[in-house]
Amino acid sequence: MLTELFTPKKIGSCTIPNRLVVPAMVTNYCTEDGMITERYIRYMEEKAKGGFGLLITEDYAVEEHGKGYKYIPGLYRDDQIEGSRQLTDRIHQYPSKIFCQIYHPGRQSSPAVNGGVQPIAPSPTKCPLCMSLAREMSVDEIQEMVKNFGNAAGRAKQAGFDGVEVHAAHGYLISSFLSPLINKRTDEYGGCFDNRVRFLDEIYAAVRKAVGEDFPVTVRFSRNEFVMGGRTEAETYELVRHMEELGFDGIHVTNGIYQSPPLGQAIGPMFLDHGFNMDVAEQIRKMVSIPVIVTNRINDPHMADTIIKMGKADFIGMGRGSITDPYLPEKARAGKFDQIRYCV
């Protein structure tokens, strides 16, 4: 019996109708100039039809050359608002809520996908997967990027999204500032914890100023980078306390960066244990008073319900499960478990 999964819960001022979340997953269904397509809208709409409580879009670019994939959406221009408004209007035909994830890939990109521009990072390093040497950002560029995040968040609100998720995970730009492995700066944005979180602090302030106090702003971050010299769980617990103090309305727990070994992949392979992030999520939930979303290798509604019942998280992200069967929530609600197509 599912006792928790279909109960509503708030993230900030937004009431999510149930605890099942579709986390951000890149589709490459949009146009090269960041415009929303009907294909992408229908892809997202199917999950709303299927009954997922919260949909989080794939990562929206906050500036023209800030893409890790060629055909992702953007909100770096005003003319991109209308397409996203069509998306949110379509989703709001159903009980589901939809948050816009905003990001910059940092060094995890290449000129081939971001308009021929060299990737940027806190320090001149190379992602072992993408293999493009990133150049170090100047302080002026950092401050301009902070404005870009704030402007994108403001456009997301104009487009009718119910909230914004700041992507500070998986080795992308914000994540790389947090990481002692990638951030080798010696100025006010590098070194000690207070300096490495400064970029995130300033982005949060810009986003909050753009959307107002009553608009949900969540953050996604990697609880462990699983690479020598990277962020570990010891600092994670310090970081989540800091995130709550900043004012984030929710914390989305994932793990890894592009160069992590399989154990630390953001997209956990099938040989990893089910729900392998849930114990760290539980520790985080004990430390903060804001909702916690946990993802990775949770593909069964009974498992999801049990994780919530155990107090390990408030919301359950089912990414690939939502692709395999976008109607999983409605089938589970009706007790038709034998009709669910489970992700393997």
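Methionine 131 lies in the loop between strand 7 (120-121) and strand 8 (135-136), where helices (H or I, at least four residues) and strands (E, at least two) are DSSP runs numbered from the N terminus. The structure is a predicted model, in which local features need pLDDT of at least 70 and side-chain atom pairs count only at pLDDT 80 or more, whereas totals for chains, interfaces and linings use all residues. Residues are numbered from 1 along each chain as its sequence is written, and side-chain values use heavy atoms, with hydrogens and water left out.

Most residues other than glycine have a negative phi. In methionine 131, however, phi is near 65°, a positive value, and this residue counts as partly exposed because its relative accessibility is 49% (buried means under 20% relative accessible area, exposed over 50%, and partly exposed in between, with a 1.4 Å probe and protein chains only). A positive phi, near 60°, is also found in histidine 170, which is placed in the loop between strand 9 (163-168) and helix 4 (173-178). Histidine 170 has a relative accessibility of 9% and therefore counts as buried.

Two helix pairs were examined for packing, with axes taken as lines fitted to C-alpha atoms over the stretch in contact and angles running from 0 to 180 degrees between N-to-C directions. Helix 1 (residues 38-49) packs with helix 2 (residues 81-91) at an angle of about 25°, the axes being 9 Å apart, so that helix 1 is roughly parallel to helix 2 (angles under 35 degrees count as roughly parallel). The contact (heavy atoms within 4.5 Å) involves residues including Tyr40, Ile41 and Met44 of helix 1 and Leu87, Arg90 and Ile91 of helix 2.

Helix 3 (residues 139-158) and helix 6 (residues 198-211) pack at about 35°, with their axes 8 Å apart. Among the residues that make this contact are Ile142, Phe149 and Ala153 of helix 3 together with Phe199, Ile203 and Val207 of helix 6.

In helix 9 (residues 301-309), the residues Pro301, Ala304, Asp305, Ile307 and Ile308 are buried. These residues lie on the same side of helix 9, because they cover an arc of only 160° around the axis, the arc being that of the directions from the helix axis to the C-beta atoms. The packing partners of the buried residues of helix 9 are strand 3 (20-22), helix 8 (278-287), strand 12 (292-294), strand 13 (315-317) and helix 11 (328-333).

How values were computed:
Parallel < 35°, antiparallel > 145°, perpendicular 65-115°, else oblique.
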